[in-house]
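Okay, thanks for coming, everyone. Let me put the structure up, and then we'll talk rings and ligand.

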Amino acid sequence: MTRYDRDFRLSKDVLPSRYELHLDLDLDRWTSSGRARIALRVAKPARELVLHAVELEIASATVDGAIALEGHRTESAAQVVVLRFAEEIAAGEHTLEIAWSGGIRESLRGLYRSVRGEERYAATQFEAADARRAFPCFDEPEFKATFSVELTYPSGNAAIANMPPERTEDLGGGRTRTRFRETPVRISTYLVAFTVGPYESTPEASTPSKIPVRVWLPPGLAAQAIYARDAHVRSVEWLQQYTAIPYPFIKVDAIGIPDFEAGAMENPGAITYRTRLLAADDTNASIVTMKGVFSTAAHELTHMWWGDLVTMRWWTDLWLNESFASFVGEKCTASLNPQWSYWRDFVADNTSAFNLDALASTHPISIEAKNAEEASERFDAITYTKGAAVLRMIESYLGEDIFRAGVRIYLNRHRESNASADDFWHALDEASGQDVTTIMNAWIKEPGHPLVTFDVRESGGGLDVTLSQSRYYSDREADASPQRWPVPLVLRYGTAGAVREERVLLRDASATIRLDGARWVYPNAGGRGFYRWQLDENGDRLLDDGVKHLAPEERLSLVDDLWALTRSGRASLASFLRRLDTLAGEDDRAVLASISDALSWLSSFAVRDRTEAAFTRFIDAFYRPIFAKVGWRPRDGEDPDTREKRARVIGMLGYHARAADVRRDARDRALRHLDGVEPLHPDSAGVILGVAATDGDNALWDRYVKRMQAAQSTDTQEEARFRQALTQFEDGELAQRTADAIFSPLIRTQDRGLMVIPFLQGRHTRKAAWHTVRDRWDTDIATAEPLLKQRFVNAVSQLSLPEYRDEVTRFIESKRTTDIAEAVKQSVERLRINTEAAERLAKELEEALAAPAKR
Ligand code: BES
Ligand code: ZN
């Protein structure tokens, strides 16, 4: 008897082409029963058929209505059921009919339940490999087929699936049956989706190309989803033009489910979301949230082409889905919202990828996943953000038109089918006439990224620049790596009268280039390259004159880059603070955010009791003048940047400068909001409630929880703000109340990790946070879904302080399981490196604060 292990892969001797699925959903008992007809092509005669299935009770199976089932066995490691038939199944076309029963589960994957008050929902989440928890299937991305779905469910609910309904019948007895149309193209199993519940929808809108678009939400929320609906309309239209391929899936429904593991999921025609990413408009959501709503919609809709129409062959190339959805989604968002100057946000987001990729425990963008569990570890900042950044880097180097031409070749060639990385690079080779494959293989198949150092010498009225590269590690002691990348650099430099760009492909360890007439050079034009860089002292001094000519993206990446070098000990804190001095008066919201991130890090990790007073004074002095300009409340018609900046400045003063007046004022404003006297503006409501909480008491804590609960069914933005603000109560007993609340039914599982990150970060809350995470691990965290579990593992690296490091390290190492193995390794490395950095910078900070004049 064959035994299959957890690395089991389906044989291509049996290929499905069409599924007719019927599911009967019982929302009272949370059970389901199903039957399917699956059209198969069998290459070799066989007695057995192997399908994926997890926690499904197989009731019957026949082939062609004639060949009976002799028996079946479940192989749980491989997550398959092996069906053994009474006779041999000949090579050729067959129909498998199979029936089963299963649950509507509590965990957020497969076919699962969601509850809001008295309302009951059944929903699906199948990526990466959980369709097998809902129906027996060939659950690998290459096994594409068409699907037609039929659902039977309690009458009075809405039923939504990938395709529009074809027929709905009242069966009597409180049951309704809806049959949906067959998908027009073959799709992978992880993209099948259906849901049933008391949803309400927005009015239908339609793209100029006549694709109908609606948003579905729990009762009472749909009126808030017009912005999200229109973001979908506009994105579909943009993507059709960019790809030159019509939207392939007939309609767009965007569905907000009360309980949801990820942020959103790209099921064709039935995109699922957290409710908060759809129920957001000018009256209840901040500018930051609105940007998130738009870019999430654009990301998911980009998947309709990258992922749904052309699918990666296997999870090894997950980045072909996620890096593209991120990059092209951001292009769509940026292009449709010029008022946001959105590329700054893209460059700022790169920080998370740089940080992860600077660890020895990072992984290449493209890396083998042996099984579903390993695949679920790939949804990280490397796959999403580094992948997107690397695409942007090559686009910047080749030019947008050539890149788009390559994209179109790729999508057309592989539509309705599967592709690998090489398929895309070959398309770019073709479009550009260059050997893109060789350049890009290093970037996707090697871990890490280079540090490019610049030695700058003035000569003959220009600059001679020597470039050298080596792999960049956050840990300076890490073993030197012989790795080299073909680095497509785009430099910005200033001459007497102009600012110019120079393209250089650095192929070797080092190279020298000449910049005629240059007076200064900036190493990463537009922040579009995914490399770290360091100017020598001379180059750094020359750049002082260039700073004022740099674009905001460039100033932002200047700060971010130098801050990374400072944390890794390659630059001193004094030199970082000197650079901030040259940026004095900086007004750009995104550059200020990048500065704020660095200062917040110092505040969380490098400030000690003896430096707290001087540091808070420093922060106060830095942000007061900006606060004086922006004030507490927005003015009519204010630009989005000022709106976003205000929240940042209030946070820096209230949290990190611990400014008593700001905290007091925030508290008054929070109370007026709670009393309904003067509602807070959504842009800064979150931060004001958080700052008000810092010195808050029991009574305020109670009011926050009450308000959070009351908002649940009417305003998910307000609910989220009060929920997050709970993590800011600093008093020891209140921090403990928050800790207990996080793991109580008061907070949905989906939201716990999001609360724990700031909670572990706060100097005054981290102790209660850690003790609770530690004590709840086995009961509440180990049992969670992979994404949620990984979030906790990452979050504990916030405890990068000498008094926690060793305990936390030993603890998470002892909790290592296969679905978090990689996250544990990364978190342990972060704990070690960041603790060292924090200790070093604590000393440097003390010196800098004692002698600010020396800068
Ligand atoms: N395909 C993912 C959703 C997903 C992630 C499913 C992990 C299963 C495991 C989806 O397209 C996605 O990337 N969602 C993001 C939001 C996006 C705007 C970055 C998410 O959920 O965070
Ligand atoms: Zn995605």
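So, F8 counts as buried because its relative accessibility is 15%, where buried means under 20% relative accessible area with a 1.4 Å probe and protein chains only. Quick housekeeping: this is a predicted model, where local features need pLDDT of at least 70, side-chain atom pairs count only at pLDDT 80 or more, and totals for chains, interfaces and linings use all residues. Residues are numbered from 1 along each chain as written, chains are lettered from A and ligands numbered from 1 in written order, and side-chain values use heavy atoms, with hydrogens and water left out.

Back to rings. F126 and F135 have centres 6.0 Å apart and planes at 70 degrees, so that pair is edge-to-face; for Phe, Tyr and Trp (its six-membered ring), pairing needs centres within 6.5 Å, with planes under 30 degrees apart stacked, over 60 edge-to-face and the rest tilted. Both F126 and F135 are buried. In total there are 41 aromatic pairs. Y4 and F8 make a tilted one, 4.6 Å between centres and 55 degrees between planes. There's also a cluster linked by ring pairs, including W306, W319 and F324.

Now, which residues come nearest to ligand 1? Those are E127, G263, E266, E300 and Y384, out of 15 around it, near meaning a heavy atom within 4 Å.

Methods. Buried < 20%, exposed > 50% of the residue type's maximum accessible area, 1.4 Å probe, protein only.
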